[in-house]
Amino acid sequence: MIEHSKDEVELIVEPHVEEIRACVLESWGRWRASDHARHLHWKTVIGNAMCNYFLEVATHRFHNAGGRAYIETKRPYVGLYVESALYLRFKKGKRNLRTSNVQTKSAKAFLDKSQPIDALEGLTRLELVYVPTRDELDVERIMLVCKDKGRIAWTIDLLARAEPEQNIIEMPPQPAPQGSPADRLIKTKDRADDRKRRTDGKGS
């Protein structure tokens, strides 16, 4: 089974980071605007609703990606297929990036790197995890997570990678003051006395 390294995955996913981020945030916006969110009683509803929204949004947003990324069903899985190399399952996660999975045979197999899956042959299997804020009002993390039998091997922060870099304006270095503090104080006083004499001369 082919398994891409973290560095390789970063290069593969880089052209799609902005679009993946937009899909997650648009899906969250739809969830927040829904009647279900306003009358939420069971938090498990969020995961199911968000998965449906994500699949719909990603199907449309990646429509013009030239076949490089798209939603595809690889039974029994439905996920985002990226560059003929990655297969991402969309999951709601906790702050420690643990996700809730119904422990079916297929769910266990997806996270077991030693177990081949014919439908996903040649693809690196990853979770695309979003983490809501504690108050469930926003998304605070969007991560690619590589797991093996429940253990997190590595992660890639897509939210941080998608945010534009801050432009830092460097100030030109200022020349260091000459002389001791006492010398500088005397010079400052002399300049003040010169200005006072010139002002007094104009007034006479």
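The model is predicted, so local features need pLDDT of at least 70 and side-chain atom pairs count only at pLDDT 80 or more, while totals for chains, interfaces and linings use all residues. Residues are numbered from 1 along each chain as its sequence is written, and side-chain values use heavy atoms, with hydrogens and water left out.

The protein has seven helices and six strands. Helices (H or I, at least four residues) and strands (E, at least two) are DSSP runs, numbered from the N terminus. From that end, the elements run α-α-α-α-β-β-β-α-β-β-β-α-α. Of the 204 residues in the protein, 37% are buried. Buried means under 20% relative accessible area, exposed over 50%, and partly exposed in between (1.4 Å probe, protein chains only). A contact is defined by heavy atoms within 4.5 Å. Among contacts with a separation of 6 or more, 57% come from residues 24 or more positions apart.

Helix H4 spans residues 44-61 and has 18 residues. From first C-alpha to last, H4 reaches 26 Å, close to the 26 Å expected at 1.5 Å a residue. The expected span is 1.5 Å times one less than the number of residues. The buried residues in H4 are Ile46, Ala49, Met50, Tyr53, Phe54, Leu55, Val57 and Ala58. Their cover includes helix H2 (17-33). It also includes strands E1 (69-74), E2 (77-82), E3 (86-92) and E4 (124-132).

Two packed helices are described by the angle and the distance between their axes. For H2 and H4, the axes come within 8 Å and cross at roughly 130°. Axes are lines fitted to C-alpha atoms, for helices over the stretch in contact, and angles run from 0 to 180 degrees between N-to-C directions. H2 and H4 are therefore oblique to each other. Angles under 35 degrees count as roughly parallel, over 145 as roughly antiparallel, 65 to 115 as roughly perpendicular and the rest as oblique. The crossing of H2 and H4 is right-handed. A crossing is right-handed if the near helix is turned clockwise from the far one by less than a right angle, and left-handed if anticlockwise. On the H2 side, the contact is made by Glu19, Ala22, Cys23, Val24, Glu26, Ser27, Trp28, Arg30 and Trp31. H4 contributes Val45, Ile46, Ala49, Met50, Tyr53, Phe54, Glu56, Val57, Ala58 and Arg61. By class, this contact has 13 nonpolar, one polar and five charged residues. Ala, Val, Leu, Ile, Met, Phe, Trp, Tyr, Cys and Pro count as nonpolar, Asp, Glu, Lys and Arg as charged, and the others, Gly among them, as polar.

In the loop between E1 and E2 lies Pro76. A cis peptide bond joins Arg75 and Pro76, with omega about 10°. The loop between E2 and E3 holds Glu83 and Ser84. Glu83 is not a glycine, yet its phi is positive, about 55°. Ser84, also not a glycine, has a positive phi of about 55°. Glu83 is partly exposed, at 26% relative accessibility. Ser84 is exposed, with a relative accessible area of 51%.

Glu140 sits in strand E5 (residues 139-148). Its relative accessibility is 29%, so Glu140 counts as partly exposed. Beyond neighbours within four places in sequence, Glu140 is in contact with Arg95, Val131, Pro132, Thr133 and Leu159. Glu140 and Leu159 are 19 residues apart in sequence and 8.3 Å apart in space, C-alpha to C-alpha.
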